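Thanks for coming. I have one model to go through today, and I will keep it short.

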Amino acid sequence: VSAVVAWDPNTEADLMGYKLYVGTSSGVYGSPIDVGNFTDYEVRNLEPGRTFYFSVTAYDLSGNESSYSDEINNVLSTSSISCTRDAAGVLVCSNG
């Protein structure tokens, strides 16, 4: 089983890339998958019949990483995550 996770691109000039987190329990993830500056990723070889949880962060040229996006857990469909900066310049990611 595979799942495609996609998100809207961040428009900040110092954006370096995104990290995708995958876990089998809500809020508990394994090591991140650095997907570079791509805005989607196909996670393959997921165990059928099991629920997986996904979250994305964005990081900038200085290595600063945003907080986790809202979590999604639908293995069989494409989901959307959006990352933007708030008025204070903090990167915020959420389900789109």
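Residues are numbered from 1 along each chain as its sequence is written, and side-chain values use heavy atoms, with hydrogens and water left out.

Confidence first. The average pLDDT (the predictor's confidence in each residue, from 0 to 100) is 80 for the chain, and 76% of the residues score at least 70. Strands here are DSSP E runs of at least two residues, numbered from the N terminus. Confidence is highest in strand S3, residues 33-36, at a mean of 96, and lowest in S6, at 56. Over residues 75-79 pLDDT stays under 50. Where pLDDT is low, the predicted coordinates should not be read in detail.

Next, the core. A nonpolar core is a set of buried Ala, Val, Leu, Ile, Met, Phe, Trp, Tyr and Cys residues joined through side-chain atoms within 4.5 Å. Buried means under 20% relative accessible area, exposed over 50%, and partly exposed in between, with a 1.4 Å probe and protein chains only. The largest core has 15 residues, and Val5, Tyr18, Leu20 and Phe54 touch the most other members. Strands S1 (3-8), S2 and S5 each give two or more residues to this core, with the largest share, four residues, coming from S2.

Now Ser55, in strand S5. Is Ser55 buried or exposed? Ser55 counts as buried, at 0% relative accessibility. The side chain of Ser55 reaches the backbone oxygen of Ser69 at 3.0 Å. Beyond four places in sequence, the contacts of Ser55 (heavy atoms within 4.5 Å) include Lys19, Leu20 and Tyr68.

Lys19 brings me to the salt bridges. A salt bridge is a side-chain nitrogen of Lys or Arg within 4 Å of a carboxyl oxygen of Asp or Glu, and the structure holds two. Lys19 pairs with Glu65, the closest N and O atoms being 3.7 Å apart. The two sit 46 residues apart, Lys19 in strand S2 (residues 15-23) and Glu65 in the loop between strand S5 (53-60) and strand S6 (79-85). Lys19 is partly exposed at 21% relative accessibility, and Glu65 is partly exposed at 35%.

The other pair is Glu42 with Arg44, at 3.5 Å between the closest N and O atoms. Glu42 is partly exposed, at 34%, whereas Arg44 is exposed, at 58%.

Definitions and conventions:
A polar contact is a pair of N or O atoms within 3.5 Å; within protein, one must be able to donate a hydrogen and the other to accept it, and residues adjacent in sequence count only if both atoms are side-chain atoms.
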